[in-house]
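Have the sequence and the 3D view open while reading.

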Amino acid sequence: ILRCDTKLTYARHIVISKITPQVLRTQLKKVSRKIKFFLLNPIASIAIIREKPNFFVLKSSLPINSESISRLFDHQLSGEKSNQKKLVDTSLQLLLNEISHEQATDSFLEVIVELKLEENQLGAFFALEVACQTLGLFTASNSVRTLIHRKVAQQNLRRETWQGLYRGILSEIDQGNFDASQRIYKKLVTTSRSIGPFRRGIVDELDMYMFLWSNGNLGRISTRDEDKKFARLLSGVDVHIVGPALGSDVSLTKNAMVARVMKPNVTVWEDIFSQCVNPPIVYCSGETTQWIENLSDRGFLREFSSVAIRPSSSLAKSGINVRQVQTVNHLILRGSPLMLTYMIFDLIRAKPSKMVISHFDFYTKPVAYRIGSRKTISSGTKDEKVVSPLGSDGQRFSRCDSFALHGVTYNRNLIKNIFSSSLIEADSSLEESLSLTNKQYCEVLDKIYGIDHN
């Protein structure tokens with residue numbers, strides 16, 4: 001019954017096919033009450049999402065009809081039943097192309113403005129935000145984000161707990177409120193000696209983040225024991241972080257170390273950064289890590305200075321220059337790190353002299369990845385590869401479920417704050433994407449990925 005869905009690119013996605021609604025409901029009884037339902041994408045589906053820190057999705061081949069979609073919104077939002085019905089009907093009409101993106105956005109916003117903080121749980125707002133983004137309704141999701149921040153603030157007014165303070169600082173970080181973040185950070189740090197290892201790990205990530213955001217006036221950057229060899233490679237060295245997007249030219253330091261994103265079957269690059277004398281560092285997503293695991297010959301990995309993988313993998317013990325990266329999972333209010341987030345906070349622990357970032361734009365351009373940086377798949381012919389059709393060529397809408405899963409708006413705001421650091425420089429394309437307000441950014445995503453969703 002279980003199979004990998006070729007439309008989805010994350011190992012955490014699992015599909016249940018040929019299953020009846022009755023069987024699905026039986027399975028759901030075994031799941032925690034914190035499980036949230038939301039609409040995933042225009043393939044007939046039901047999705048289940050588990051709250052922070054990680055998201056796991058199940059999809060079911062149920063028919064697209066009002067009955068199946070209604071389950072996605074049941075028990076989520078308090079208030080008038082007519083609002084629940086409106087969300088269901090609007091989702092169905094949008095997926096069946098019976099209404100426009102603009103009409104769907106207006107319909108969702110009419111419901112959102114009527115939602116009351118005191119009558120809804122924070123998890124319900126998170127689930128609604130995810131649903132909006134998965135449907136490509138990013139402007140609507142931005143209004144939900146406002147409710148999320150108000151709800152977090154309301155909860156902290158009632159009772160100040162460690163968990164509340166932690167959630168509060170993530171909310172202030174996302175809003176770019178440095179002074180408020182600083183106040184909460186100092187409270188969290190003063191309790192760090194009496195907390196367990198999990199919470200100390202959270203404070204360690206906040207130490208690093210606040211060091212960057214304050215340009216060295218707060219916090220600290222520490223190097224883990226297991227990363228000391230990697231730190232010797234980069235300490236005091238300029239690092240060029242190069243993404244897969246179109247980007248713009250930057251001044252090249254030939255003695256710098258280049259850190260790249262590696263995709264399946266994309267292991268050689270022909271661009272200006274290839275002129276650097278040092279072999280590059282490559283960063284692998286979970287998808288790329290899985291691709292490497294399935295290769296019989298991994299000798300090409302020795303051509304890189306270091307290969308960073310996630311999540312846990314036996315490759316870290318393979319004897320090749322592969323290192324397991326513990327990326328920052330505790331700095332985002334909802335979602336998981338995008339590749340740039342993953343790279344910045346791993347590299348900064350090695351204390352380079354500076355990081356120059358280019359060819360990332362948070363998907364604000366119609367074509368997401370440039371030629372030569374798009375993952376490829378086998379065409380069925382020996383040694384022949386073709387560009388993958390699964391979103392890497394800039395196709396629209398298919399990326400929305402990934403945006404929702406990662407919390408793309410939260411990632412962008414997290415990175416936006418730290419460009420006050422003298423350690424970080426960016427190309428004009430990244431600077432332009434970070435200069436947008438949240439409303440403007442969501443409007444761009446609506447235009448590129450939401451409106452034309454076929």
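In this predicted model, arginine 323 has 12% relative accessibility and counts as buried, because buried means under 20%. Arginine 323 forms a salt bridge with aspartate 227, with the closest N and O atoms 3.1 Å apart. The count of salt bridges comes to 12.

**Aspartate 271 and arginine 260**
- A salt bridge of 2.6 Å, N to O, connects the side chains of aspartate 271 and arginine 260.
- Arginine 260 is in strand E7 (257-262) and aspartate 271 is in the loop between strand E7 and strand E8 (281-284), so the pair ties together parts 11 residues apart in sequence.
- Arginine 260 is buried at 3% relative accessibility, whereas aspartate 271 is partly exposed at 23%.

**Glutamate 425 and lysine 354**
- The side chains of glutamate 425 and lysine 354 form a salt bridge of 3.4 Å, N to O.
- Glutamate 425 sits in strand E14 (residues 424-426) and lysine 354 in strand E11 (residues 354-358); this pair links distant parts of the chain, 71 residues apart.
- Glutamate 425 is partly exposed, with a relative accessible area of 36%, and lysine 354 is partly exposed at 25% relative accessibility.

Definitions and conventions: Residues numbered from 1 in each chain as written. Predicted model: local features only at pLDDT ≥ 70, side-chain atom pairs only at ≥ 80, totals over all residues. Heavy atoms only, no water. Salt bridge = Lys/Arg side-chain N within 4 Å of Asp/Glu carboxyl O. Buried < 20%, exposed > 50% of the residue type's maximum accessible area, 1.4 Å probe, protein only. Helix = DSSP H or I, 4+ residues; strand = E, 2+ residues; numbered from the N terminus.
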